[in-house]
Each structure stands twice: as structure tokens, then as C-alpha cells.
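Work through the exercises below with the sequence and the model open beside you. Try each task on your own before you read its solution.

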Amino acid sequence: MDNIVIIPWEVDELTHEFFVPDYINTLAAEVLKHYSFQVKSVQVVTTKPDKGGAIWKLETNAGPKSLKLLHRRPTRSMFSLGAQKYLVEVQKARVPGIVQTNNGQEYIEAGGKLWFVAEWIEPLAPVTKDLEGAKQLCYALGEFHQLSKGYIPPSQAEIASRLAKWPKSYGKVITKMDWFRNIARAYKEMPASQSILNVVDTFQEQARKSLADLNQSSYLSLVEQGNKSWGLVHQDYGWSNGQMGPNGMWIIDLDGVAYDLPIRDLRKLISGTMADLYNWDVTWIREMIRAYHEASPLTPELYELLMIDFSLPNEFYKNIKEVVYEPELFLNETTTQLIQTIVDTDQSKWPALNEIQHDWRK
């Protein structure tokens, strides 16, 4: 077993959604031998076959637990596990606690990946898909950002920080727009190609302006304050990873946490919610921002960056970037309809941003 290296696996019509290769299940059984509890049952609850990760729910004599196979590099996973331990043990955050092995370790390395066991929080339930639920999510996110400040990772962990990478990520969006354009031209007979060509210039110009605004903002001075002063972003926070449980909102699945300006999480949550509404609703945006501000006060400088990050064509980029991998499959009629929905929703974004842009003036 020592020479096994976990690699991504394919899921096809012959397997099911929660399929995990046998050799990984065998490794999981070996990992569980390092814990003192007795396992009564094991159930796969989610997989990341394209990356080589999985989560199992364990019923044990010590209560329900989760077993996680982390798909990232071990040193990167050490960063997130250190953060989870800090949030639970030092900050008393509502985050699942890590169960130690028989030797007092937080994780086991097997198959070239890190595995760990955490408490399974019960009961957990998503907040309601309405404005009140959205405000609860935002307040809990603000709490999380405040509690994550001061985290110092273990010495052997790599530093996961996106704090200084905003200009590079904005530039990547601009560059990928060229790729989208070139692919659409190369596959011009495909249904969605013309739809991309109709809008890509507009979205690329939006991205260029966003980068110019970023470079003229307070961004660099905020970055200079350093990782520890800003704390961690979740990077995948939303209606499934923030849930109501014992004593309030719990935040789960911290595997991707990294140092960054906190409003990146808030921007993703709000813009994703507006996409679900098919409309940028000023009332929702203002109330979500206010709820976050109650838990984690926003400065005018952070608010300015939130507005700039909103202005990036985030939904178009997020939904179209897959075209790079399989153009023949991606450029179909469904994508044509998706682009139209994104364009229609984007029309309501600009009046909304204009209305709220001065809400946090000095």
C-alpha cells in the first residue's frame, strides 16, 4: 500500500455519482485503523473524481464523524487543517472539530494525500432561500472573517495566500476573453459560437476597466497590511457551506481557505445570489452588505474594492471558461441560452451598482 498514489478517476454511465475506486476504499479502511473509535457504517456523501477527493459519513460508537480525503497537495492541506484547528480550539468558532488519531495527530498521509476525521455536526439545515436567509449567511461570513484573523499556519505548511494576486487574476480574465473569441471563431459552425462573439468584446472591456480601477484604488495599501491582519477567506462559501445548527450558523468544508481580502467571499456570495435571482436587486444587495458589516465592519476602502470586484464580468467568465477544454461539447444550444441569461442579468447589474456605489463614502 505504501507505493500507491491517489489520482483522479473517471465517472461514466457504468458507475454512479458517488463511485470511489476500490483502492481508495481500501486506503480509507487503513486510515481508520489509526483512530480509537469503532466504525459501525461508512457512507460516501460526496466525491471530487476530477481532482481525487471524497468525503464519507461514519457512524461510530463515539457518534457521527466525517472522513475526508483532501485532493490538494499535502503541504497545502496542512494550511487548511491548521486553520480549522485554530478556529475551533483558539477562536471557538462554529466549525467542525478535528478528531485526533491514536497518536494525537490531526491527519494521516496515505496515497500521497492527507486524510482527516472531523465531527459530523447534527442537525444541520440550509437557511431559507430568501433575503432573511441571505442576511444570516452574510452575518456568519463576517463572523468567520473576524475569527480567522491572527492565524499562523504550521511551519511545514505552504502559505496559501491570494492577497496580492488580484491584478494577476483580473489579467487572466482579460486574457481568457481572447481565448474565448479565438475558439468561437475556430468553431464558428457550433450553435453558441456566435453568441460568444456577440458579447465577448463588451465583457473584455468591462474586465479591462475593472483592472484599471483596481490599479488606481487602495488595493496595494491594503495588501501591505499583510496576511495575518486580514485573515482567511473560505473561497467556496454559499448556501450549502453555511448552515444552521446547534447554537447558530456553522461553516463547513474549509479545505480551500486562504489568506485574502475578506470581501472576495462576500462578492462571490452576492453575485452568485443575484445570478440565481436573474436580477441585481438593490434591496437584497444593500441588506446583505449591511448584515456582513454588522459582524465584520467594512471600511470605505474595502467597499470600494467590493464595487470593483462586482464590476468584473464574473458570471460570464465563470460559466464560459470550460469552453477551453471541450469546445465541441460545450458550444451547444444550452450554452447559447446560458449566455443570453447572463447578458440579460448583466443589464440589471450596472444600474444597481450605480445606485449603491456611494453608500460607504468617507
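The exercises that follow concern a predicted model, and each solution goes step by step.

**Exercise 1. A helix and its length**

Task: Work out what span helix α4 should have from its number of residues, and compare this with the distance between its end C-alpha atoms.

Solution: Begin with the extent of helix α4, which covers residues 166-186 and therefore has 21 residues. The expected span is 1.5 Å times one less than the number of residues, which gives 30 Å for α4.

Next, ask which residues of α4 are buried. They are W166, S169, Y170, V173, I174, K176, M177, F180, R181, I183 and A184. Finally, look at what lies against them: these buried residues pack against α5, α6 (219-223), α8 (263-277), α10, α11 (314-320) and α12 (327-330).

**Exercise 2. The second largest pocket**

Task: Describe the second largest pocket by its volume, by the residues that line it and by the helices that supply them.

Solution: Start with the volume, which is about 550 Å³ for the second largest pocket. The lining of this pocket consists of 24 residues, and the closest of them to its centre are D213, E304, M307, I308 and Q357.

Then sort the lining by class, which gives 7 nonpolar, 10 polar and 7 charged residues. As for the helices, α5 (193-215), α10 (300-311) and α13 (333-356) each supply at least two residues of the lining, and the helix that gives the most is α10, with 7 residues.

**Exercise 3. Backbone details in loops**

Task: Examine the peptide bond from E122 to P123, and then the phi values of D253 and Y278.

Solution: Take the peptide bond from E122 to P123 to begin with, which is cis, with omega near -10°. P123 has its place in the loop between β6 (113-119) and β7 (125-126).

Continue with D253, a residue other than glycine whose phi is positive, near 55°. D253 lies in the loop between β10 (248-251) and β11 (258-259), and with a relative accessible area of 28% it is partly exposed.

End with Y278, which is likewise not a glycine and has a positive phi, near 60°. Y278 sits in the loop between α8 and α9 (282-295), and at 57% relative accessibility Y278 counts as exposed.

**Exercise 4. A tyrosine and its partners**

Task: Find where Y23 lies and which residues it is in contact with.

Solution: Y23 lies in helix α1, which covers residues 22-32, and is partly exposed, with a relative accessible area of 29%. Although Y23 and V5 are 18 residues apart along the chain, their C-alpha atoms are separated by 9.9 Å. Beyond the neighbours within four places in sequence, Y23 is in contact with I4, V5, I6 and I7.

Notes. Residues numbered from 1 in each chain as written. Predicted model: local features only at pLDDT ≥ 70, side-chain atom pairs only at ≥ 80, totals over all residues. Heavy atoms only, no water. 1 Å grid on protein atoms, 1.4 Å probe; cavity = no way out; pocket = protein on both sides within 12 Å on 5 of 7 lines; lining within 4 Å. Points joined across faces, edges and corners; volume = space filled by probe spheres on them. Helix = DSSP H or I, 4+ residues; strand = E, 2+ residues; numbered from the N terminus. Nonpolar A, V, L, I, M, F, W, Y, C, P; charged D, E, K, R; others polar. Buried < 20%, exposed > 50% of the residue type's maximum accessible area, 1.4 Å probe, protein only. Contact = heavy atoms within 4.5 Å.
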